Amino acid sequence: MEKLTKKKWKDPGIIMVILLSTIALMFWIWWPTDTYIGGISLVGWAMFACFFIWLALTIIYVIWMEKIEKHEAE
Amino acid sequence: MQIMEATILGIYLLIMIGIGIWFAKRAHSSEGDYWTAGGKINSFVGSFAFFAAVASSSSLMGAVGSGVALGIPFLLAYGFGAVAIPSFAMFLISGQIRRAGVKTLPEFFKTRYGKSVQIVSAIIVVLCMTFYMIPQLTASGLIGSYVLGIDYVTAVIILGLGFTLYAALGGMWAITYTDLIQGAVMVIGMFILTIIIVMDHGGVSTLIQDALAVDPQFGDVTQPWMSYFGLFVAFLWFGVVSPSAVMRNFAARDAKTARRSALGACFLYVTVFIFGFFIASAGASLGVAESLENQDMIFISVIEHYMPPILAGVMLAGLLAAIMSSADAMLLAVAAGIAHDIYKEHINKEASEKTVTRLGLVVMILASIVGIIFAINPPQLIAVMVGWVSGAMLSAFGFPLVLGLWWKRANTAGALAGMVGGTVTFIIMALLPFALVSEHLVSAPVSAILTIGVSLMTASPSQSTQLQVDQYHTNIQA
């Protein structure tokens, strides 16, 4: 049981949650309201950029999980 | 009445109801088929289904309306959380909850914590999902009244009852397969509208400048930091705590299919929010926001201004499709909460599957009527109402669910305290004057503290329950 408990903390999902939360946290601390690019606050552009970061994290997770499954099947 | 738009809408709704009837026989063959489509949905269909269930009227009309009314950063904050909905749910709970082998969210609470938590959660699911019908019905009423030239109240009643009939007939089979069509119509429609807008304005930067010329505050952060942060947190957690999204997860064929479906849904969400950005910019450049009775109408104004009637008809069908799929998934969650989790589990264990699905039908009609009554005079912007529901569900279910899956020390008393305490705190916060959509920033931590604190102060769960939690994490294939 001890082994199982340790194993669950190595789950790729938890690593991705930590990465996502860290990126979001950095943004919310930064919060650059007074800088403008093309008339729109940098806050808006940074959130827009994060759409693609979230997508990238999801792609990495899906590939990672499939590799683990393949490895276990072998 | 807009003849062309009304004709296309009518044909579209007839096709959807036809699909509902087609799948009705299959759906009523067993409870598993009715609630989760027998767990046989593939990745492609699953992507659109997950996306269409979560991308409600709010993602489209609401986000655009709020982006014009409160500035484009508000729309982007919405997307900042919403794009991560499928991914965050997948990272945190999807695999584990599938391994629990349950059909609904309250059923998970029963296997993990026992009957008391199941009953409380079923009641909260029913209340939240019924409230969630209000923004969906508001949006459908706005579209219906515009297209059919009838008054808003009549449109809400007609469309609300139409949705119920369709969802009740087919269960999850019908909903999942029509979601494929609805999701596709939504994304393609927004794509075409975006192309027309960008061409009309002669490029992206001109479009933004046109919007700023009409509304100089369009690019500004107009609300307190808390409102944006609250919106982000509410939507980020939506896939984890929303019973309609969680039920989608059970409909996938296997874990690999469920993950690929979530990836597909994430991609679709990114495209929709990019298109939403352009549509909101076009909406601001029209300068009609202040003159509208309801600012959520701005999306319809953009469609009407930029698209020829035939394309506008398709686009409005897409919008109505988004509402329909979300409303149907909610109705199904309400029906499952009462018929499956309360009636069959606690009132009449011997009830036949047919009786349970029939009861589900009656519950759907009742929930729809309650939603219609409230939607006649909607309390807020669509985006705000959706934010409230999401915040309330996060306050009630977020920590009892996630801790139940990841922390074997979480027990029944802790889950009950977290669920009830979080809900009550949310209601108190909602009654106090506070920054828009940020009530859950207080109530969710209260729920977390209560779940952890009360669990630690009371006896540990049994050895078998603790082993069960470890088993959620053992077999990656399951």
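## Exercises on a two-chain model

Thr451(B) sits in helix α20 of chain B, which covers residues 440–457. The model is predicted.

**Exercise 1.** Determine whether Thr451(B) is buried or exposed, and which residues it touches.

*Solution.*
Step 1. The relative accessibility of Thr451(B) is 0%. Buried means under 20%, so Thr451(B) counts as buried.
Step 2. Leaving out residues up to four places away in sequence, Thr451(B) touches Phe399(B), Pro400(B), Leu403(B), Gly414(B), Ala415(B) and Gly418(B).
Step 3. A polar atom of the Thr451(B) side chain lies 2.7 Å from the backbone oxygen of Ser447(B).

**Exercise 2.** Describe the contact between chain B and chain A by its residues and its buried area.

*Solution.*
Step 1. Chain B gives 45 residues to the contact and chain A gives 42 residues.
Step 2. The size of an interface is often stated as the accessible area lost when the parts come together. Here about 4,200 Å² is buried between chain B and chain A, and carbon and sulfur atoms give 76% of that area.
Step 3. Seven residue pairs across the interface of chain B and chain A are in polar contact, with both residues at pLDDT 80 or more.
Step 4. Among the elements of chain B that give two or more residues to the side touching chain A are α5 (72–82), α6 (85–99) and α14 (255–286). The largest share of that side, ten residues, comes from α14(B).
Step 5. The residues on the side of chain B that touches chain A divide into 30 nonpolar, nine polar and six charged.

**Exercise 3.** Find the salt bridges between chain B and chain A, and place their residues in helices.

*Solution.*
Step 1. The count between the two chains is two salt bridges.
Step 2. Glu66(A) forms a salt bridge with Arg260(B), with the closest N and O atoms 2.7 Å apart. Glu66(A) lies in helix α3 (residues 42–73) of chain A and Arg260(B) in helix α14 of chain B, so this pair joins two chains. Glu66(A) is buried at 19% relative accessible area, whereas Arg260(B) is partly exposed at 39%.
Step 3. Glu69(A) lies in helix α3 of chain A and Arg259(B) in helix α14 of chain B, so this pair also joins two chains. The side chains of Glu69(A) and Arg259(B) meet in a salt bridge at 2.7 Å, N to O, and both residues are buried.

**Exercise 4.** Characterise the salt bridge of Glu345(B) with Lys110(B).

*Solution.*
Step 1. The closest N and O atoms of Glu345(B) and Lys110(B) are 2.6 Å apart.
Step 2. Glu345(B) is in helix α16 (residues 309–347) and Lys110(B) in helix α7 (residues 105–113), 235 residues apart.
Step 3. Glu345(B) is buried at 14% relative accessible area, while Lys110(B) is partly exposed at 29%.

Technical notes: Residues numbered from 1 in each chain as written. Chains lettered and ligands numbered in written order. Predicted model: local features only at pLDDT ≥ 70, side-chain atom pairs only at ≥ 80, totals over all residues. Heavy atoms only, no water. Contact = heavy atoms within 4.5 Å. Buried area = accessible area lost by both parts, 1.4 Å probe. Salt bridge = Lys/Arg side-chain N within 4 Å of Asp/Glu carboxyl O. Polar contact = N/O pair within 3.5 Å; in protein donor to acceptor, adjacent residues only side chain to side chain. Helix = DSSP H or I, 4+ residues; strand = E, 2+ residues; numbered from the N terminus. Nonpolar A, V, L, I, M, F, W, Y, C, P; charged D, E, K, R; others polar. Buried < 20%, exposed > 50% of the residue type's maximum accessible area, 1.4 Å probe, protein only.
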